[in-house]
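Please look over the structure shown here before reading the briefing that follows. The points below are grouped by topic.

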Amino acid sequence: MLDFIYSLLVAGIKALIEYVSAHVLTCLVPAFFIAGAMTALLPKEQIMRYLGKDVPKYKAYPLSVLAGLLLAVCSCTILPLFAGIKQKGAGTGPALAFLYTAPATNIMAILFTGSVLGWQFAVSRIILSVIFAVLIGIIISAIFQKEDVEEEKNATQAVSREQVQDTKTLPFFQRYRLLLFFVTLVSILIVGTRVAGIARYFGIAVLILIQAVSAILLFTKEEVYAWLSETWFFTKKIFPLLLGGIFIAGVLTALLPQDFLATFMGTNTVSANLIAVLFGVFMYFPTLVEVPMAKMFLGLGMAKGPLLAYLLADPVISLASILVVRKYLGNKRTAVYVGLIIVFTTISGLIYGTIVR
Amino acid sequence: MKIEVFGPGCQKCNKLGSMVDDVIKELNLAAEVVKVSDINTMVNRGVMFTPALFIDGVKKCEGKVPSYAEIKKMLGGE
């Protein structure tokens, strides 16, 4: 018995060491800095201004997807934003698109997926999430037009108006310094994960220098402080959860019989994809932990199609988030929302599994 | 003075709440602090990013945790 527990512990610790040495320095540390910069430096009100009431739908959808990509790195800001877009802004459809993209295309999750599972998975994850977000938004607002109109009547004043003033005073070159800043940050990550040999250390050193100089020259002390404290906040919040998740994934790998997953999800069938999706819906893992979990499933013989289906479904909905969404959408729309996600992710798993072998 | 702290109960919102309490204690203010966690109320008051801080019904800050000094200034201390 003791031997058994000991071997489980060893498996967990081995998984931890492997992840920490392979991914933390090159991928996660830059990813935390990027997420921190996004929260602290992007002009949030300016982005939200474009999601006001009178924005035509063809603009509202891409913009909400973009907002989901850029803004909501922290899960607790998603719901007020969602409720705000729905009731005071562009309406239910774009609000749902936002609600979908925000967790699904979380910048850190995508970068981590790329680093651990390969960039093919990461890119598929972004592209499919964006497509689903828009499709689900359009379908639901088309089915429930009546509810939409009624809710619009209840909407009082537009939020966006008052926020115009605070952002108009921003200097125009703000955008360029932000661009430079993010390009450098992303380059550090790319050089760190993709370049080999001595060029990597040299490249990283130069890029960090550029980053530091541009932070000092182009940004105020308060902005740099806000960036660093947001970065630290993310690290503090996510890192322990991630280590715990990796440890548990390692233990599970040792615990589960070798062919357990392969039996149910080893081939690219409808049922395999559906099981993977349902597992993703009903299990809740904190942000980023789905990635080491997926790596474990892959190691245990899960096929690539179901794996992608799982990765697409897991961050978007869990039982907890379904309950919250129900409060704002009602039972019927929530059921359709969840149903559509299950159908879409299952189908995309099937397609992905057929293309990639 | 009426102070409202908006936040659904995440770490940052709690931090803002406790900092506000500290400032009030330090400045010895007679202020009523209300914590608002209902999302519909937030939307109706025009709050999109949490945490947010309202003083006497006016939005002073949104979407970030201000520093201790900033809160002090908002509350009229130097």
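In this predicted model, the side chains of B:Asp21 and B:Lys35 meet in a salt bridge, with 3.6 Å from N to O; a salt bridge here is a side-chain nitrogen of Lys or Arg within 4 Å of a carboxyl oxygen of Asp or Glu. The pair links distant parts of the chain, since B:Asp21 sits in helix α1 of chain B and B:Lys35 in strand β2 (residues 32-36) of chain B, 14 residues apart. Helices (H or I, at least four residues) and strands (E, at least two) are DSSP runs, numbered from the N terminus. B:Asp21 counts as partly exposed at 33% relative accessibility, where buried means under 20% relative accessible area, exposed over 50%, and partly exposed in between (1.4 Å probe, protein chains only).

**Basis of the values**

- Residues are numbered from 1 along each chain as its sequence is written, while chains are lettered from A and ligands numbered from 1 in the order in which they are written.
- Local features need pLDDT of at least 70, side-chain atom pairs count only at pLDDT 80 or more, and totals for chains, interfaces and linings use all residues, with side-chain values using heavy atoms and leaving out hydrogens and water.

**Other salt bridges**

- Over all chains, the count comes to eight salt bridges.
- A:Arg177 forms a salt bridge with A:Glu223, and the closest N and O atoms are 2.8 Å apart.
- This pair links distant parts of the chain, with A:Arg177 in helix α10 (residues 174-194) of chain A and A:Glu223 in helix α12 of chain A, 46 residues apart.
- A:Arg177 is buried, with a relative accessible area of 9%, whereas A:Glu223 is partly exposed, with a relative accessible area of 21%.

**Where the chains meet**

- The contact, which means heavy atoms within 4.5 Å, takes 22 residues from chain A and 16 residues from chain B.
- Between them, chain A and chain B bury about 1,800 Å², 62% of it on carbon and sulfur atoms; buried area is the accessible area (1.4 Å probe) that two parts lose on being put together, summed over both.
- The count between chain A and chain B is one salt bridge, in which A:Glu230 pairs with B:Lys12, the closest N and O atoms being 2.9 Å apart.
- The elements that give two or more residues to the side of chain A that touches chain B are α2 (44-49), α4 (78-88), α9 (160-168) and α12 (221-255) of chain A, and α4(A) gives the most, with eight residues.
- A:Glu230 is buried, with a relative accessible area of 10%, and B:Lys12 is also buried, with a relative accessible area of 11%.

**Chain A**

- The secondary structure of chain A comes to 17 helices and zero strands.
- Buried residues make up 50% of the 357 residues in chain A.
- Seven of the 10 residues of helix α15 (residues 290-299) of chain A are buried, so this helix is largely enclosed by the rest of the structure; among the buried residues are A:Met293, A:Met296 and A:Phe297.
- A:Gly301, which follows α15(A), has a positive phi, near 100°.

**Chain B**

- Buried residues make up 46% of the 78 residues in chain B.
- Among contacts in chain B between residues at least 6 apart in sequence, 63% join residues at least 24 apart.
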